[in-house]
Amino acid sequence: MGMTVKFFATLRAALGVGSVELEHDTPMTVREVLERAEQETGKPIMQELFEDDGSMRIGAMVLVDGKNISHLNGLDTTVQSETLSVFPPAGGG
Amino acid sequence: MAYMGKMLRVNLTDGSIKTEDTPLDLAKKYVGGRGLAGRILMNEIDPKVDALSPENKLIFASGPLSNTNAPTGGRYMVITKGPLTGGIASSNSGGQWGAFLKKAGYDMIILEGKSPKPVYLSVMEDKVEIRDAAHLWGKRVPETTDTLIAESGEKNAKVACIGPAGEKLVYFASIMNEKHRAAGRTGVGAVMGSKNLKAIVTFGKQKSPIPDEDKFKALVKDKITTIRGNGITGEGLPKFGTKVLDNIINENGLYPSYNFQDVQYDNTYNMSGEALVEKGYLTKNSGCYMCPIACARNVELPNGRKGEGPEYETGWCFGPLLGFDDLNVICDANFLANDLGLDTISAGVTISCAMEMYEKGFIKKEEFEHGPELKFGNTEALMYWLKKMAYRENDLADRMAYGSLRFATERGCPEFSMTAKGQELPAYDPRGVQGMGMSYAVGNRGGDHVRSYLIAPEILGAPEKLDPQATEGKMQWLFIFQNLTSVIDSSGLCLFTSFALSADDYADMLNAATGFDYSTEEWLRCGERIWNQERYFNYQAGIGPETDTLPKRFFDEPAKRGPNKGQVHRLPEMLPEYYQIRGWTAEGIIPDEKLKELEIV
Ligand code: SF4
């Protein structure tokens, strides 16, 4: 199975890529996907998104097919072939 | 006490200029700016007057924290009865002008009547005078600004003016200060034009009196640290400005395109804040008076044109909403709208309404005369029709200059006007964000994103993450956001501080600056009073609870795709609860007891 992880805002610039494609055999959790993405890009991602206590930083978000993981099962949300969109703290109005 | 204690009353009919004391007893109840000036407007005009008649008044007002070191303390508001909604208009702008009004020695300027010929007002610390503006009439914003700075003899003077759109009474004309900053919405520029007032120039060096300077300074330092440490105000906004939202809102499935016929746009990335940086168009960031966030963008295009912007809303309504994503066109159109003095949101959404009307046969091809067709995806149409609307040059553009609701209604298709209370909606589709949709429906100036920005909790997770599709509990959030925003606006600060600061933070700063000793609840109560006062004005102007709604599309046409696929807006589930939380009748009327309890009557 394949899935796409897209990066935006400062994270995109820091990683030097707009997205990564991951191949996997069994369903993964969002946490595993992000860890795999860290390995692929060789750059930290999790620390941009989460506080030390594991809570999401204000303004950061991870979406699974557009749905915020805060309203799914957080980092334990399982995914198979969905698209992940990852935003570091950002916002405005 | 933070207030300068004086205000100007200028009668443009007879040319008289008077200085009066700022009513501090009222300021204690209505804070300043939007709140205080709204109250004064209510006291002094009949809400039923024609917005563009001499009987309407136009108030430029600062807040108590304007011209202080408080973070973002440079804002001012324009309060009047607006032509677009027919209700109370209050448009807020940044830059430096608001601070300089106070540096000249005044909390606000009340303009009355109508000048027999074009004039401008010069408000210098030592002299206030009405001057002839015959040589400026017809001029665009940049030329007007440069000419007036030169005439003032003071290179740091600040200019707020209208462009051709305000002179021609376009119902969504803006007032521009320092060329790029806009008191944009609700047609305040048309009211200024109707009074034959081209501009107001301010300059002075006075400081706002603060009772305990050291205490205030320490507090301010603390709040700036909080703002800098916040992910949104310390990182997101400074790096990308508001335009970082394009991808966020599109990926979340509430980015309206093709006049809100769709909830996402395929090529959003091409015109997003990220693309603006990657393409090298962004030259530097800049900020308003005393702003630690500095979200403004300076842009230079490959064609050599320079300017500020585009902000998120403008980029959207000059691009994906019209079915294209050419950043050059978007930026150029933004510069043009600023030069002409047009509110970008209402201008863009009116053009998108016309595009849908043409697509569905409500506009004939001959009506374009020799101009480009108003067709989704036609980049040439945007600049051309912006100009035509501002100058009201052909019959079609002249009708569009009344805003999309009047335009579509007179052709029998009001359903294509994406407005609430007659004002064009901003860039968040109500089908994807239930609370924000309610904010448009019950807003005192209708389609608007800055009166209660529920996108913060519903999408961005600030101060906590709410499910955008949930309806339960949302109305309590709306109530608090509306009240708090009323206080933030009225105090003279920028709404963006609220991503980081809490109600307690504002109460601390206001108490230290004004010398009042209000609890946070009491400040929020001032916000509740302001909100109700505005609604009461609207009610008396003939805008009743029947207008607390949204365009039909959001109830009848489910979102076509994305995470919100199949969703509609669920207003009927929330409206009764909102009325109840507000303490209004089930019909949405403010009962007499509530008006008395809030000391409005
Ligand atoms: S955050 Fe942006 S709009 Fe607000 S005061 Fe600062 S620069 Fe101006």
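Here are some friendly notes on this predicted model, point by point.

1. Confidence in chain A. Chain A has a mean pLDDT of 92, and 99% of its residues reach 70 or more. Looking at its elements, the lowest mean pLDDT, 90, belongs to helix α1 (residues 9-15) of chain A, while strand β5 (residues 67-68) of chain A has the highest, at 97.

2. A buried leucine in chain A. L84(A) sits in strand β7 (residues 83-87) of chain A. Its relative accessibility is 0%, so L84(A) counts as buried. If you set aside neighbours within four places in sequence, the contacts of L84(A) are M3(A), T4(A), V5(A), K6(A), V30(A), V33(A), V62(A), L63(A), V64(A) and V79(A).

3. The nonpolar cores. The largest nonpolar core holds 160 residues. Those touching the most other members are I249(B), I351(B), L374(B), L386(B), Y428(B), I455(B) and L460(B). There is also a second, separate core of 31 residues, including L8(B), Y106(B), L111(B) and A160(B).

4. An enclosed helix in chain B. Helix α17 (residues 434-442) of chain B is largely enclosed by the rest of the structure, because 9 of its 9 residues are buried. These are Q434(B), G435(B), M436(B), G437(B), M438(B), S439(B), Y440(B), A441(B) and V442(B). What do the buried residues of α17(B) pack against? Their partners in chain B are β16 (419-420), α18 (455-460), α19 (474-491), α21 and α23 (571-582).

5. Helices α2 and α21 of chain B. Helix α21 (residues 520-540) of chain B also has a contact with helix α2 (residues 33-44) of chain B: their axes come within 10 Å and cross at roughly 30 degrees. The crossing of α2(B) and α21(B) is left-handed. From α2(B), the contact draws on R34(B), G35(B), G38(B), R39(B), L41(B) and M42(B). From α21(B) come I530(B), W531(B), Q533(B), E534(B), Y536(B), F537(B) and Q540(B). By type, the residues of this contact divide into 6 nonpolar, 4 polar and 3 charged.

6. Helices α19 and α20 of chain B. The axes of α19(B) and helix α20 (residues 503-514) of chain B lie 11 Å apart, and the two helices pack at an angle of about 35 degrees. The crossing of α19(B) and α20(B) is left-handed. Here L484(B), V487(B), I488(B) and S491(B) of α19(B) meet A503(B), Y506(B) and L510(B) of α20(B). The residues of this contact comprise 6 nonpolar and 1 polar, with no charged ones.

7. A buried threonine in chain B. T344(B) belongs to helix α13 (residues 344-359) of chain B. Is T344(B) buried or exposed? With 9% relative accessibility, T344(B) counts as buried, since the cut-off for that label is under 20%. Apart from neighbours within four places in sequence, T344(B) is in contact with T314(B), C317(B), F318(B), N334(B) and A337(B).

8. Cis peptide bonds. Most peptide bonds are trans, and here are two cis ones to look at. The bond from G309(B) to P310(B) is cis, with omega near -5 degrees, and P310(B) is found in the loop between β15 (306-308) and α11 (312-317) of chain B. The bond from A462(B) to P463(B) is likewise cis, with omega near 0 degrees. P463(B) lies in the loop between α18 and α19 of chain B.

9. Positive phi values. Most residues other than glycine have a negative phi. N67(B), though, has a positive phi, near 65 degrees. N67(B) lies in the loop between β3 (58-62) and β4 (76-81) of chain B, and its relative accessible area of 6% makes it buried. Y258(B) also has a positive phi, near 50 degrees. Its place is in the loop between α9 (245-251) and α10 (273-278) of chain B. Y258(B) counts as partly exposed, at 30% relative accessibility.

Methods: Residues are numbered from 1 along each chain as its sequence is written. Chains are lettered from A and ligands numbered from 1 in the order in which they are written. This is a predicted model: local features need pLDDT of at least 70, side-chain atom pairs count only at pLDDT 80 or more; totals for chains, interfaces and linings use all residues. Side-chain values use heavy atoms; hydrogens and water are left out. A nonpolar core is a set of buried Ala, Val, Leu, Ile, Met, Phe, Trp, Tyr and Cys residues joined through side-chain atoms within 4.5 Å. Buried means under 20% relative accessible area, exposed over 50%, partly exposed in between (1.4 Å probe, protein chains only). Axes are lines fitted to C-alpha atoms, for helices over the stretch in contact, and angles run from 0 to 180 degrees between N-to-C directions. Helices (H or I, at least four residues) and strands (E, at least two) are DSSP runs, numbered from the N terminus. A crossing is left-handed if the near helix is turned anticlockwise from the far one by less than a right angle, and right-handed if clockwise. Contact means heavy atoms within 4.5 Å. Ala, Val, Leu, Ile, Met, Phe, Trp, Tyr, Cys and Pro count as nonpolar, Asp, Glu, Lys and Arg as charged, and the others, Gly among them, as polar. pLDDT is the predictor's confidence in each residue, from 0 to 100.
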